[in-house]
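Please open the model in your viewer and keep the selection panel at hand.

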Amino acid sequence: MLPYTRTMETLRPGMRILMYHRVCKNDKYDQLTVDPDKFSEQIRYLSEHYRIISLDNVIAELESGSIKKNTVAVTFDDGYLDNLVYAIPILEKYKVPATIFITSQFCDQVKRHPRYNNEKQRLHLDWDEVKELHVMPGITIGSHTLSHPYLSSLDAVESKNEIIESKKIIEEKIGSPVNYFCYPSGDFGVREMNFVKEAGYLAAVTVAPGKNRPGIDRYLLRRVEITQKDGPADIKAKLSGAFDIIHQLLHWRRQRNFARAARNNNK
Ligand SMILES: [Zn+2]
């Protein structure tokens, strides 16, 4: 750890929220897929060296201001079937809580994540599997909209519908409140944040890198992506903040591109 980040961590500890997508075998490298053996190595390392808590506890600790060093939470986006098949047994083995953000139309099996359009097998969890996950100890189900759009490119009515209706649909299916939202592709504006609050979510996660410290807006929680390339030393470096500045620069560039794409869409 760099002396600066070590000092910052001592003076103002923060929590990292880890972002995963798929956990499955893959022939070629995919930034959003981690091999189950690699995932197992990552979770074992994390469980031995970090305190891993649920999003409920992240919010409670941010509110109370009592942040402990080396605390992380685990999240998965898009609701892939492989989360249940490969990730859950590993999470159970190491007693690691996690939040899975699902897209309701993916669970309806009427739509799939466009990145994996060519895959023949079923890609996403169905509703019975979501219910099965929901009752597992430590597993939280969150919303990732109805159809996984670029929210800022939609008109206000559509954007609001994606955020509010997905919450209602998932709540009906699992029979419990859905408290957490995840902006698809990290694309959102102030308008979306307001819809998320209006819908009654407790908090929302973004793809902005960095730590979550007391005082952070709960609807702008930061996350760090963990990939197939990350071994224990990489995870340690990422979580210590070694890449925060470069990740922040990459994130600004990405946001600028989103803004440009949204402007072009509205032309
Ligand atoms: Zn997504």
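How many nonpolar, polar and charged residues does the lining of the largest pocket have? By class, that lining has nine nonpolar, eleven polar and seven charged residues; here Ala, Val, Leu, Ile, Met, Phe, Trp, Tyr, Cys and Pro count as nonpolar, Asp, Glu, Lys and Arg as charged, and the others, Gly among them, as polar.

Before going further, note that this is a predicted model, in which local features need pLDDT of at least 70 and side-chain atom pairs count only at pLDDT 80 or more, while totals for chains, interfaces and linings use all residues. Residues are numbered from 1 along each chain as its sequence is written, and side-chain values use heavy atoms, with hydrogens and water left out.

**The largest pocket**

Select Met19, Gln31, Leu32, Glu225 and Arg254, which are the closest to the pocket centre of the 27 lining residues. About 800 Å³ of space lies there, the volume being the space filled by probe spheres set on grid points joined across faces, edges and corners. On a 1 Å grid over the protein atoms alone, a pocket is an open set of points where a 1.4 Å probe fits, with protein on both sides within 12 Å along at least five of seven lines; lining residues have an atom within 4 Å of a point. Next, colour α10 (244-265) and β10 (224-225), the elements that give two or more residues to the lining. The largest share, six residues, comes from α10. Helices (H or I, at least four residues) and strands (E, at least two) are DSSP runs, numbered from the N terminus.

**Aromatic pairs**

Now display the aromatic rings: the structure holds eight aromatic pairs. Rings of Phe, Tyr and Trp (its six-membered ring) pair if their centres lie within 6.5 Å; planes under 30 degrees apart count as stacked, over 60 as edge-to-face and the rest as tilted. Select Phe39 and Phe76, whose ring centres are 5.9 Å apart with planes at 55°, so the pair is tilted. Because Phe39 belongs to helix α2 (residues 36-49) and Phe76 to strand β5 (residues 71-77), the pair ties together parts that are 37 residues apart in sequence.

Move to Phe181 and Tyr183: their ring centres are 5.4 Å apart and their planes at 85°, so this pair is edge-to-face.
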